[in-house]
Amino acid sequence: MQGSFDLFSAVESYFSFNANHFTLGQLKNAKHIEDLPDTDTTFVAIDGFVRGTGSGSCGPIPPKEHQIKFGYTSALNFSFEVEPVK
């Protein structure tokens with residue numbers, strides 16, 4: 001393995017992440033694999049909260065004990081640390 005690497009650690013609770021060779025915008029706009037450019041980097045997207053599998057359109061809504069309570073007037077906060085790895 002070549003290049004530099006980073007360790008992402010949750011501070012107080014879990015988080016979800018995705019590491020890819022394309023930005024989320026590139027993936028969203030691509031209609032075919034050929035539409036994605038060759039890149040020599042890794043993009044990391046970190047989500048503090050992700051709704052579980054299922055919804056009104058493709059399955060049942062997750063049970064209440066698996067739902068996060070928030071409103072548009074309440075901030076959602078989470079913390080993580082990034083540490084270079086040699």
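This is a predicted model: local features need pLDDT of at least 70, side-chain atom pairs count only at pLDDT 80 or more; totals for chains, interfaces and linings use all residues.
Reader: Thanks! How many helices and strands does the chain have?

Author: The chain has 1 helix and 4 strands, and along the sequence they follow the pattern β-β-α-β-β.

Reader: Where in the chain is confidence lowest, and where is it highest?

Author: Here pLDDT is the predictor's confidence in each residue, from 0 to 100. The chain has a mean pLDDT of 79, with 78% of its residues at 70 or more. Confidence is lowest in β1, with a mean of 83, and highest in helix α1 (residues 24-29), at 90.

Reader: Now to a single residue. Is Leu36 buried or exposed?

Author: Buried means under 20% relative accessible area, exposed over 50%, and partly exposed in between (1.4 Å probe, protein chains only). Leu36 counts as buried because its relative accessibility is 14%. This leucine sits in the loop between α1 and β3 (43-47). In the chain of 86 residues, 9% are buried.

Reader: Which residues does Leu36 touch?

Author: A contact means heavy atoms within 4.5 Å. Leaving out residues up to four places away in sequence, Leu36 touches Phe22, Gln26, Leu27 and Ala30. For Leu36 and Gln26, 10 residues apart along the chain, the C-alpha separation is 6.6 Å. On the scale of the chain, among contacts with a separation of 6 or more, 60% are between residues 24 or more positions apart.

Reader: On to the rings: how many aromatic pairs does the whole structure have?

Author: A pair of aromatic rings is described by the distance of the centres and the angle of the planes. Rings of Phe, Tyr and Trp (its six-membered ring) pair if their centres lie within 6.5 Å; planes under 30 degrees apart count as stacked, over 60 as edge-to-face and the rest as tilted. The whole structure has 1 such pair. Phe8 and Phe80 form this tilted pair, at 6.4 Å centre to centre and 40 degrees between the planes. The pair links distant parts of the chain, since Phe8 is in strand β1 and Phe80 in strand β4 (residues 80-85), 72 residues apart. Phe8 is partly exposed because its relative accessibility is 30%, and Phe80 is also partly exposed, at 34%.

Reader: What about Tyr14: where does it lie?

Author: Tyr14 is in the loop between β1 and β2 (16-20). Tyr14 counts as exposed because its relative accessibility is 76%. The C-alpha atoms of Tyr14 and Ser79 are 9.2 Å apart, while the two residues are 65 apart along the chain.

Reader: Finally, which residues make the nonpolar surface patch?

Author: Patches are made of residues with over 30% relative accessible area and no salt bridge: like charges are joined within 9 Å, nonpolar side chains (Val, Leu, Ile, Met, Phe, Trp, Tyr) within 5 Å. A salt bridge is a side-chain nitrogen of Lys or Arg within 4 Å of a carboxyl oxygen of Asp or Glu. Phe5, Leu7 and Val85 make the patch, of about 240 Å². Leu7, in strand β1 (residues 5-10), is partly exposed because its relative accessible area is 41%.

Definitions and conventions. Residues are numbered from 1 along each chain as its sequence is written. Side-chain values use heavy atoms; hydrogens and water are left out. Accessible areas come from the Shrake-Rupley method with a 1.4 Å probe; for residues, only the protein chains shown count as cover. Helices (H or I, at least four residues) and strands (E, at least two) are DSSP runs, numbered from the N terminus.
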